[in-house]
Amino acid sequence: MKPDLLLIEPMMASIEARLDEAFQVHRLYQAQDKAGFVAAIAPVIRAVVTGGGSGISRETVDLLPQLGIIAINGIGTDAVDLDHARSRGIRVTTTPDVLTDDVADMAIGLMITSLRQIATGDRFVRAGKWLGGKLPLARRVSGKRLGIIGLGRIGRAVARRAEAFGMSIAYTDLRAFDDVPYRFEPTPQALAAASDVLLIAAAGGPQSRGLVNEAVLNALGPDGTLVNIARGSVVDEPALVAALAEGRLGGAGLDVFADEPRVPEVLWRMDNVVLQPHRASATVETRFAMGELVLANLAAYFAGREPPTAVV
Ligand code: 8YV
């Protein structure tokens, strides 16, 4: 008898095929009536596989009496109540390291696309406007000041890349680190005031909620650019929209939003904003590696071994 597994969001076809080999997979993302779907299978579910952004609510976890493992296909744990899982004896795993390079690449991509207005230029050419005029000048990337909020694995990977662009790099975090050559600033506001590009690479959750607020955005200023590849919750999104609309902030490159997949429509119309649908880890190579890690964690758990990348 294969264990029953609840799959919250789609994965690569080849990974889902391997899940099907080992589990009775119940695909929530295909269900119309999600509550009814969960209610019907709740008593038998022993594993949940979900995304970092999607997670699983505490209420849903409480509907699943046999649940033993939540395998997150991602690094973020902010959408899973870890303390609650711990109290129920449920293991929680993530997919660290394998996505670091892709997310860092996306951060650099958003930074360059924003400052050099690459998406604007693309729209300009496609609209046939080149025949009739020129675009305003863009902004240089090389040599600029990069401020990183959250110098974890991804923040450090972005810093290494930015070094190659001759950028001066500073960061803020819960504490200063003595193993990096970058300057520490004590607060996001102080960091923003000393940066041309402010990158959010901090974990989501209550401790970082709204950290990038109106004061931080004002400190970054009309020539500054915000890049977010972490979580929309780290930014006060209405304050961000207002700062961009009023010209108090120069531009933004955003992969994540407060209420995905809903993106404030006013942002759609801003040429100084580059938007991505939460795709920083969405490459064939990385999603395959993440999927392998999810499979390895599940296999270990059901074989009675320690899951290789457990956080709970
Ligand atoms: C993924 C993420 O897009 O790692 C995370 O926490 O949010 C992203 O890598 C996500 O996990 C897949 O849904």
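Predicted model: local features only at pLDDT ≥ 70, side-chain atom pairs only at ≥ 80, totals over all residues.
Residues are numbered from 1 along each chain as its sequence is written, and side-chain values use heavy atoms, without hydrogens or water. Local features need pLDDT of at least 70 and side-chain atom pairs pLDDT 80 or more, while totals for chains, interfaces and linings use all residues.

**View 1. The buried side of helix 1.** Helix 1 spans residues 13-22. Helices are DSSP runs of H or I with at least four residues, strands runs of E with at least two, both numbered from the N terminus. Ile15, Glu16 and Leu19 are buried (under 20% relative accessible area, 1.4 Å probe, protein chains only). They lie on the same side of helix 1 because they cover an arc of only 100 degrees around the axis, taken from the directions from the axis to the C-beta atoms.

**View 2. Cover and the opposite face.** Strand 1 (4-7), strand 2 (24-27) and helix 12 (284-302) are among what covers the buried residues of helix 1; contact means heavy atoms within 4.5 Å. On the face turned away sit Ala13 and Glu21, both exposed (over 50%).

**View 3. The shell around the ligand.** The ligand is surrounded by 13 residues, each with a heavy atom within 4 Å. The closest are Glu9, Gly52, Asn73, Ile75 and Gly76. The shell holds 2 nonpolar, 8 polar and 3 charged residues; Gly counts as polar, Ile as nonpolar and Glu as charged.

View 4. A backbone N or O atom of Gly52 lies 2.8 Å from a ligand oxygen. A polar side-chain atom of Arg231 is also 2.8 Å from a ligand oxygen. For the side chain of Ser281, the distance from an N or O atom to a ligand oxygen is 2.9 Å. The protein covers 92% of the 330 Å² of accessible area that the ligand has on its own (Shrake-Rupley method, 1.4 Å probe).

Notes: Polar contact = N/O pair within 3.5 Å; in protein donor to acceptor, adjacent residues only side chain to side chain.
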